[in-house]
Amino acid sequence: MRASTDPHGKGVTMDVTAIVNGVERTADVEPRVLLVHWLRDELGLTGTNVGCDTSSCGACTVLIDGRSAKACNLFAVQVDGSDITTIEGLAIDGELHPMQQAFHECHALQCGYCTPGMVMAAVSLIDEYPDLGDRGVRVGLEGNLCRCTGYQNIVHAVLQAAGEQERHP
Amino acid sequence: MSNVVVPTTLDEALALLAADPQLSPLAGGTDFMVEVNHGARRPVRVLALRAVAELRGWRRDGDVLVIGAGCTYVSMADPAFAVAAPALAQAARTIGSPQIRNVGTIGGNLATASPAGDTLPVLMALGARVEVASTEGTRTLAVDELITGVKRTVLHPAELITSVRIPVARGPQEFCKIGTRNAMVISAAGIAVVLDREAHTVGCGLGSVTAAPVRATDAETFAAEAIDWSTLRAGAGTTERFGTLAADAATPIDDHRSTAAYRRHAIGVMARRALERCLS
Ligand SMILES: Cc1cc2nc3c(=O)[nH]c(=O)nc-3n(C[C@H](O)[C@H](O)[C@H](O)COP(=O)(O)OP(=O)(O)OC[C@H]3O[C@@H](n4cnc5c(N)ncnc54)[C@H](O)[C@@H]3O)c2cc1C
Ligand code: FES
Ligand code: FES
């Protein structure tokens, strides 16, 4: 990473290099810019939403080196050298990721605002814990709020994508 | 804010801090960035600690567990960690959500010094030692020496917390907390109970019910004497009395999360249950 003065005189910018959805991206970023704003405003990856200002809702969830994190909680310059995956990076050649497909089939969304973050959190969750069960999914998605669905179909979808049958405790 | 520096070694981080009094340490950002996003904190320059290798992870050193200040809660989910530090592993599992546990650190929990910091009652019950360093040298503090009040510590601007040392478990341990919902909740009250079967001592730390971290020392002494250490049993009424003494050590307040009366009651109930679970 290298610091330099912004040509427009806005102040110092820093060089950030990160792999975003499999592509190496290098940019001059002002240090105060949050990762979520860099992704949305500079890279045009507007699938990652912002739903709160308290790091509570999870709408901004992305994967950093494979693990879920809240993109409103990090400065972009902190992910220099990391591998970032956003919702736009899941589908391959137009074919939905199994988690996206399961959300689609199970009607796991209504307004869709929470969906990108929910899907990213779920991808990280089943990657870490392949055998979760209903309760495990609910606990594992505690960092993501949905005001529409009541969560039931989200749990169905995550279990379907994990190849699990619904189990009741 | 005009700059973020990202050192990769502890020496480099300490030298940067010593040279620049306006440099604020940033670990997982789960407290820091919430304040920034609210406009409650306007850092001039930021020292991002994520890349400092020496601060990361944890290791076992004989009968001591050395936990790096930058150790994330997700690293404490390791089964080997849970065997060595059951109550701390339990507390770590309850903090925030996976996204928070993937980046949030124990050093950040200590430096934030919130009465609701969930690692604090556990570290108090364990008699943890916190190592703090600057270019001038290092010092070691107990948690109640480091934290002196609500969001107040004795850390100098040029100091970093580098590690936390706790004894490897020598008996049962329990952590409990209570809040307004099950998921992602900041504690309204919390408690840790730690039994040492070799030293025949009981540690009891309270969370969210005092301005600075405390141990319930009367409850500790009472239980240590009441427990039959060879069988880990105790006579009738022991756990109830333990709960009452623990609640007596609480000096809670009314706030947006709970009331003082409920908090004191909750400490009594959780202390009793935690000790019941520790006993056979
Ligand atoms: C949604 C949400 C849920 C949460 N739930 C919980 C919960 O259940 N329980 C709980 O206890 N907390 C909770 N928190 C608070 C927070 O996650 C923890 O306090 C966490 O441990 C902070 O660590 P961090 O690495 O993110 O610290 P940061 O936010 O990076 O830093 C916090 C403070 O510590 C200082 N600091 C960091 N590292 C060092 C160091 N090595 N030396 C000196 N100073 C340092 C920083 O300058 C800053 O002042 C929650 C936060 C959020 C956003
Ligand atoms: S925007 Fe709500 S958690 Fe990040
Ligand atoms: S679908 Fe609307 S918030 Fe979840």
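**Ligand.** I counted a residue as near the ligand if its C-beta atom, placed from the backbone, lies within 6 Å of it. The model is predicted. With that cut-off I found 33 residues around ligand 1. The closest are Ala27(B), Gly28(B), Gly108(B), Asn109(B) and Ala111(B). I then checked where ligand 1 sits: between chains A and B.

Next I asked which elements of chain B each supply at least two residues of the shell around ligand 1. I noted strand 2 (23-26), helix 2 (32-37), helix 6 (106-112) and strand 10 (160-167) of chain B. Helix 6 of chain B has the largest share of this shell, 5 residues. I sorted the shell by class and got 16 nonpolar, 15 polar and 2 charged residues.

**Chain contact.** I looked up how chain B meets chain A. On the chain B side 23 residues take part, and they are in contact with 29 residues of chain A. Strand 1 (3-5), helix 2, strand 3 (45-48) and helix 5 (98-103) of chain B give two or more residues each to the side that touches chain A. Helix 5 of chain B provides the largest share of that side, 5 residues. The chain B side divides into 12 nonpolar, 10 polar and 1 charged.

**Domains of chain B.** I read the assignment as domain 1 (3-167) and domain 2 (173-278). Taken over C-alpha atoms, the centres of the two domains of chain B are 24 Å apart. Their contact takes 23 residues from domain 1 and 24 residues from domain 2.

I then listed the elements with two or more residues on the domain 1 side: helix 4 (86-94), helix 7 (119-126), helix 8 (143-146) and strand 8 (147-149) of chain B. Helix 7 of chain B gives the most, with 6 residues. By class I recorded 14 nonpolar, 7 polar and 2 charged residues on this side of domain 1.

**Helix pair in chain A.** How do helix 2 (residues 98-105) and helix 5 (residues 152-161) of chain A pack? I got an angle of about 140°, with the axes 8 Å apart. The two helices of chain A are therefore oblique to each other. Their crossing is right-handed.

Pro98(A), Met99(A), Ala102(A) and Phe103(A) in helix 2 of chain A meet Ala157(A), Gln160(A) and Ala161(A) in helix 5 of chain A. The residues of this contact divide into 6 nonpolar, 1 polar and no charged.

Conventions:
Residues are numbered from 1 along each chain as its sequence is written. Chains are lettered from A and ligands numbered from 1 in the order in which they are written. This is a predicted model: local features need pLDDT of at least 70, side-chain atom pairs count only at pLDDT 80 or more; totals for chains, interfaces and linings use all residues. Axes are lines fitted to C-alpha atoms, for helices over the stretch in contact, and angles run from 0 to 180 degrees between N-to-C directions. Helices (H or I, at least four residues) and strands (E, at least two) are DSSP runs, numbered from the N terminus. Angles under 35 degrees count as roughly parallel, over 145 as roughly antiparallel, 65 to 115 as roughly perpendicular and the rest as oblique. A crossing is left-handed if the near helix is turned anticlockwise from the far one by less than a right angle, and right-handed if clockwise. Two residues are in contact if their C-beta atoms, placed from the backbone, lie within 7 Å. Ala, Val, Leu, Ile, Met, Phe, Trp, Tyr, Cys and Pro count as nonpolar, Asp, Glu, Lys and Arg as charged, and the others, Gly among them, as polar. Domain bounds come from an automatic or database domain assignment.
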